[in-house]
Amino acid sequence: MSFAIPRERGDVLPLGLLGLASAVKYGSTHRALVHDERHPDVPALGPAGSLRGLSRALKPDVAVIWLHPALLADGLEAARQARHAGCSTVLGAGPLGALWPEAAGRVLEVDGLVGSDGGLLAGLEVLEAGGEADRLAQALASDRPGRWPLDRKLLDYARYNGVGGPPWAATGRPPGLRSDKGRFAASPVLLGQDTAEDVGACCLLGVRFVDLVGSLPDPGALSGLVASLPPGARMRLQVSPAELRSLSLTGLRTRGVEALHLGPLKAGDREAVDEACAVARTAGAAGFALGATAFVGAPGYSAAPEDAGLERLRSAGISLEVRVALRPDSDRWIDYADAPSASFLPPGIDAGRLAATERARPEAPRGRRRSILARR
């Protein structure tokens, strides 16, 4: 199952949280610590959970908890752990507010929701000045301009060796390797004006495998961006079939791109499947590993054309991550927000299509909680 902003696996770098922590480090006088409670190597939160113990040891003034609808119970528990350890202000951040505003407004465990990294800095200023709750809410919702680089040294890359989406077969990463000073960590890098600098930072840290994710406002700029990438990284590029036609496959290989992710598509959409298969034949012959995210259960498509589409995509050599789209828009979802449970079955999901997705994809590690602890 999948929300419009999917949850991340525990062995994949938490890019959004790292961005908030970097803004605190570079844009304020406060100190920041990133604690990733999702990672499989981190013990689950319990009576003496790691987040509670860390909060008691460091005594942070502010905790920022990353909240996602798929992990809502874990996020709320993390907020309680920070509060019980003596943290005076607990804020929420992440996809919950964007995907499900109704639920985000009902979360009693947090004192406010962070809208952006600029909003977080504005909120910290209000807290430091002893401002009232309404001023804090306004500050957190603001989008104060500012650009701060990602400080990738805030995370121990030796912990991360996964990559989001379908398997990245071209990397040749030794199976089961869990720690090698980041050498086999797969790091997401957002496409944008800072992409080349961020890839260079990964290379300096010894992080060779880079996942170029997101999209550019001007698709025509993708060719120039790829040409500016520094040597030394082994990359996967997220690119639509239409964008890929405007790029030189030879040029991509020269710059270090080894794998391509064709983005999301509806398995029952014959035209989209045809386009992806045509691109896959050309790119596969050039030596690229291909992946895509295929959605089933979309309105207007029956099971037969979706199954046929999945089979055609696999036959074209595309590694698939199969998902069913979720939309939290009913009373049962509101009940889940009040009492989140791991056994909750979302409404409107056909049991047959859900079973098909479970058969079609390998099991991913269960996500856990993430938090930033900011201390003055």
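**Figure 1. Asp211 and the residues it touches in the predicted model.** Let's start with one residue and its surroundings in this predicted model. Once the neighbours within four places in sequence are set aside, Asp211 is in contact with Val163, Gly164, Ser187, Pro188, Val189 and Arg236. Is Asp211 buried or exposed? Its relative accessible area is 6%, and because buried means under 20%, Asp211 counts as buried.

Figure 2. A disulfide is a covalent bond between the sulfur atoms of two cysteines. How many disulfides does a search of the whole structure find? The search finds zero. For a disulfide, the two sulfur atoms would have to be within 2.5 Å. Cys202 is buried, with a relative accessible area of 0%, whereas Cys203 is partly exposed, with a value of 27%.

**Figure 3. The second largest pocket and its lining.** This view moves on to an open space in the protein. The second largest pocket holds about 330 Å³ of space. Its lining is made up of 18 residues, and those closest to the centre of the pocket are Gly297, Ala298, Pro299, Ala325 and Arg327. Which strands each supply at least two residues of the lining? They are β8 (257-266) and β9 (289-296). What kinds of residues make up the lining? Ten are nonpolar, three are polar and five are charged.

**Figure 4. The whole chain, as a setting for the close-ups.** Here is the background to the earlier views. The chain has 15 helices and eleven strands. Of its 376 residues, 49% are buried; Asp211 and Cys202 are examples of buried residues. The accessible surface of the chain comes to about 17100 Å², with 53% of it belonging to carbon and sulfur atoms. Finally, consider contacts between residues at least 6 apart in sequence: 74% of them join residues at least 24 apart.

Key. Residues numbered from 1 in each chain as written. Predicted model: local features only at pLDDT ≥ 70, side-chain atom pairs only at ≥ 80, totals over all residues. Heavy atoms only, no water. Buried < 20%, exposed > 50% of the residue type's maximum accessible area, 1.4 Å probe, protein only. Contact = heavy atoms within 4.5 Å. 1 Å grid on protein atoms, 1.4 Å probe; cavity = no way out; pocket = protein on both sides within 12 Å on 5 of 7 lines; lining within 4 Å. Points joined across faces, edges and corners; volume = space filled by probe spheres on them. Helix = DSSP H or I, 4+ residues; strand = E, 2+ residues; numbered from the N terminus. Nonpolar A, V, L, I, M, F, W, Y, C, P; charged D, E, K, R; others polar. Areas by Shrake-Rupley, 256 points an atom, 1.4 Å probe, with all protein chains shown as cover.
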